[in-house]
Amino acid sequence: MKQFNGALKLTKAFYQNRGRAVFAVFAVLLAISLSAVAQNTTATIIGNITDPGGAQVTAASVTARNVDTGLTRTVVSDEDGGYRIDFLPVGNYVIEVTPSTGFKKATRPGIVLQIGDTIRIDIALEVGTVSEEVTITDETPQINTNTAELGRTVETKEIENLPLVERNVFALLDLTPGVQSNNTGVATASAATNNNTLGFPEQRTLINGGTDGGTGSVNYFLDGGTNMTFLRNTGNVAPNPEAVREFKVTTNSYGAEYGRFASGIINIITKSGTNKINGSLYEFVRNDAFNANDYGSRLERAPYRRNQFGGSIGGPIIKDRTFFFGSYSGLRQQQSKFLSGATLPTALERNGDFSLSGTKPKDPSTGTSVATGSFFTNNIIPANRIDPAALKILQSIPLSNVTNINGSPGYQGNVPLPINTDEYLIKIDHQLNEPHRLSFTYF
């Protein structure tokens, strides 16, 4: 019995240790994945702290503070005077440098961090006491000299101010050099933008000679998560412009944390709440009263009603700590597709009488070639020779309503293609403590 108990204890200890090992592996994998997500959605500030003569200043406290949310991150300059602050959410920042002694405190406002940025902010301290403070007003570097990435960030003001006919932010991908093809794939009836091959809207982008072949070659991300259809590896739809803060198109030399396709990265960041309550309401209207007639149409103007409406709101739940943002967008569209150019059978031809037709049918029982075939008597197909399936199909072919240029009976019509969609987004950000932050997005 003692041996059995000993074996039981050994087995229990074995499984406990194995459980700890599995948990440790899971924790490492989770940390790696969260790190990769953070790199997709945040920015980094690096730099050097020096004295007036250019010598390194060590042990200086460097704090990055988000002026909209109160978030702070603090590091200490190393023995070379360098500092690095990682995983900063995008936004407006102030850098505050507090030296240990012998220098004035320095403040550097006006730092705008965009998605994936690595910005260098070097600060030269002035001799004095820590109770004194100096504000530095140098401009933030506009050229990235810290990483090899090539690309462009489309900012909030561009999303808000540039015309977007279908209210799809992917239409702004063309602003980035190297984007050679951009099929927005929105759910509309327009042949120029419709890409619903498999029954759902998808985004296809070609960058710097990337291949298509019916599948994707570009990575799409939304708030750090993969935003792809997977069935064809194309992009899913993006949130409405009121919910998008900015997006970055990286076309070359990006980091290994992204993986997957090599043509490029399209990374979207949605808006977040701040310490101030902000919101918006909108409605965009398009109507056939403003439209011209379809080219070549002799019908009444096709009906077109498009109402795109919604709003957004964001603010604090707990000041400087917990924030919310939400948006809604609805689309109600009544649209038709204009069809023209068909040649239809005449009333006589519908009954098998081709006596007045330019093309005469031959009796398949005698052969259909010019040499051997013979025409029906009086060019009329006997009623008992007409296939019932053909008569059923004929019922689905509309009657002629126009005459074509060559005098043949033709048809013009408008096929209804209604679209009704609803889109919801909610985002919660919570600052656990200075180094730890949680962000939840549902779209």
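Author: Happy to! Strand β10 gives the largest share of the lining of the second largest pocket, four residues. This is a predicted model, in which local features need pLDDT of at least 70 and side-chain atom pairs pLDDT 80 or more, while totals for chains, interfaces and linings use all residues. Residues are numbered from 1 along each chain as its sequence is written, and side-chain values use heavy atoms, without hydrogens and water.

A pocket here is an open set of points on a 1 Å grid over the protein atoms alone, where a 1.4 Å probe fits, with protein on both sides within 12 Å along at least five of seven lines; lining residues have an atom within 4 Å of a point. The volume of this one is about 630 Å³, counted as the space filled by probe spheres set on points joined across faces, edges and corners.

In total, 24 residues line the pocket, and Q114, D117, P141, Q142 and T153 lie nearest its centre. At least two lining residues come from each of β6 (105–113), β7 (118–120) and β10 (150–154); strands are DSSP runs of E with at least two residues, helices runs of H or I with at least four, numbered from the N terminus. Sorted by class, the lining holds 12 polar, seven charged and five nonpolar residues. Nonpolar covers Ala, Val, Leu, Ile, Met, Phe, Trp, Tyr, Cys and Pro, charged covers Asp, Glu, Lys and Arg, and the others, Gly among them, are polar.

As for the setting, the protein chain has four helices and 23 strands.
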